[in-house]
Structure formats: structure tokens, C-alpha cells
Amino acid sequence: MSKNIFVALDFNSLDEALDAANKLKNQIAGVKIGSELYTICGTEGLRKFKELGLKIFLDLKLHDIPNQVKKTVAAIANLRTVKYLTIHTSGDYEMLNAAQEVSGETDLLGVTVLTSQSDLEGIGIKNSVQNQIKLLVNLAIRSNIAGVIASAQDIPLIRTLSKKLKIFCPGIRGKEDKQDQKRVMSYADFSKIADDKCFAVIGRPIIEGDPLKNIKKIIKSAQ
């Protein structure tokens, strides 16, 4: 099985995150660094993860006026350490296109509907989840970014719109535990529908306890 797991390093300590990454580096495609860890480790910390030979997925979910997002993406791309960077597709085409123009070798991933969201009416969106995903994925396709962030439940729908988009899927679980996410899927079920451009993003089920033992159990569940 090809390496298709990005481990979400949801730590508030750079040393703990590096220790987990070092233990897991031979089992994974890369690491996801969210806003909490990035605030702590900064750009110097990113270099330490790259020195482990890991692809870095920086999950900042950028969403601002086009010029501000463009300048931020350019600054991150110039670091030459980040392979994947998240940006909200709901920022519209102008913002996405501006970001793509300066992304260089950093691949942009457009956030669609968060896996914690199962009802959009509370934030004033009248579309169903599926129709909103279609709208946002089509914006990603139009702006020519590399991929999207979506629930694994949305993979079949997204593949009707694009065969080449990379799909990164949070909310992947070792078993059926949901924690604070609603639209989730087990790694075994994810593996049945994922192609070679789909990646599972897994955090707590791996990093809580013995990371190496946990990930081997999760991988084995899909065999």
C-alpha cells in the first residue's frame, strides 16, 4: 500500500511534535501542521520537519482580501519548505486565482465544507452540504489549484467533477469514534474508495498514546 496518511501534529510543543514525526516518518506521506503548532514553531520549526525528509502540509486556512492572501502565499512559497498550504475556497475565485499566481512549488488545497459541519443554515448558507461542495470544488477547478480539503464521504461526488484534483480528507478514524467531527469515515472504508490522489489526514487516533503502534494498527485495518 502506498503511503497516503498525513499525520496531524496537534501538539503545543515542538519537541513532542518532532518526536512523533520522527517515529512515524517511515509510515507516512507527510505531516500536517496547524495554526497552533505553527504559532509555536514558526518558520524555523518547519525546516526541522523538512530535515526529517517529510512533506509539510501547512494548514492555515487562509481567507482574506485577495491582495493579503496573495502576499501571504508568496511569503510561504518563498520559504521552500511547505509542500501543501490550505486556503478557503469560499474566499471566491479572485482570491484563489491571486493565490495560485504566486504559489510556486507550493500546492494550494482549497477547504470546502469542514468535517465538523453537517448543517450550513446556521451560517446563512441555504445550499445543501453537497451543493455547497459542488460550488466550492468548481471554484477550485476554475482557479487551477492543486486540490481540496473535504470529507472522505465526498470523494465520489468530487470525482464526478474532477479526476485530477488531490483530495485531502480530515475526519479519518481508526474505528468509528467521531470526537468533534461529524462527517467522518474509518481508514478501512476510506481505503476502499480512495485513489492515488487521495490522502487521509489523521491526528488524535495516531498521536494519542504510542504513535507507531497506533498507525500500524490503522494501516492493518485496511488490509
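What covers the buried residues of H4? I began my entries with this point.

**Basis.** I worked on a predicted model, in which local features need pLDDT of at least 70, side-chain atom pairs count only at pLDDT 80 or more, and totals for chains, interfaces and linings use all residues. I numbered residues from 1 along each chain as its sequence is written, and side-chain values use heavy atoms, with hydrogens and water left out.

**Helix H4.** I took helices (H or I, at least four residues) and strands (E, at least two) as DSSP runs, numbered from the N terminus. The cover over the buried residues of H4 includes strands S3 (55–62), S4 (84–88) and S5 (107–111), together with helices H3 (66–79) and H5 (129–143); contact means heavy atoms within 4.5 Å. I found Met-95, Leu-96, Ala-98 and Ala-99 buried in H4, which spans residues 93–101. Buried means under 20% relative accessible area, exposed over 50%, partly exposed in between (1.4 Å probe, protein chains only). Seen down the axis of H4, the buried residues fall within an arc of 165 degrees, so they line one face of the helix; the arc is that of the directions from the helix axis to the C-beta atoms. Glu-94 and Glu-101 are exposed on the other side of H4. I noted Asp-92 as the cap of the N-terminal end of H4, with a side-chain oxygen 3.0 Å from the backbone nitrogen of Glu-94.

**Barrel.** I traced a closed barrel of eight strands, S1-S2-S3-S4-S5-S6-S7-S10, with parallel pairing. Two strands pair if DSSP finds at least two bridges between them. Strand S1 (residues 5–8) and strand S10 (residues 198–202) run parallel and are joined by three bridges. I recorded Ala-200 in S10 as the bridge partner of Ile-5.

**Thr-86.** I located Thr-86 in strand S4. Is Thr-86 buried or exposed? Thr-86 is buried, with a relative accessible area of 0%. I listed what Thr-86 touches, not counting residues up to four places away in sequence: among them are Phe-57, Asp-59, Leu-109 and Ile-149.

**Cysteines.** How many disulfides does a search of the whole structure find? I found zero disulfides, a disulfide being a pair of cysteine sulfur atoms within 2.5 Å. The sulfur of Cys-169 has its closest cysteine sulfur in Cys-198 at 5.8 Å, too far for a bond. I noted Cys-169 as buried at 0% relative accessibility, and Cys-198 as buried at 1%.

Definitions and conventions:
Polar contact = N/O pair within 3.5 Å; in protein donor to acceptor, adjacent residues only side chain to side chain.
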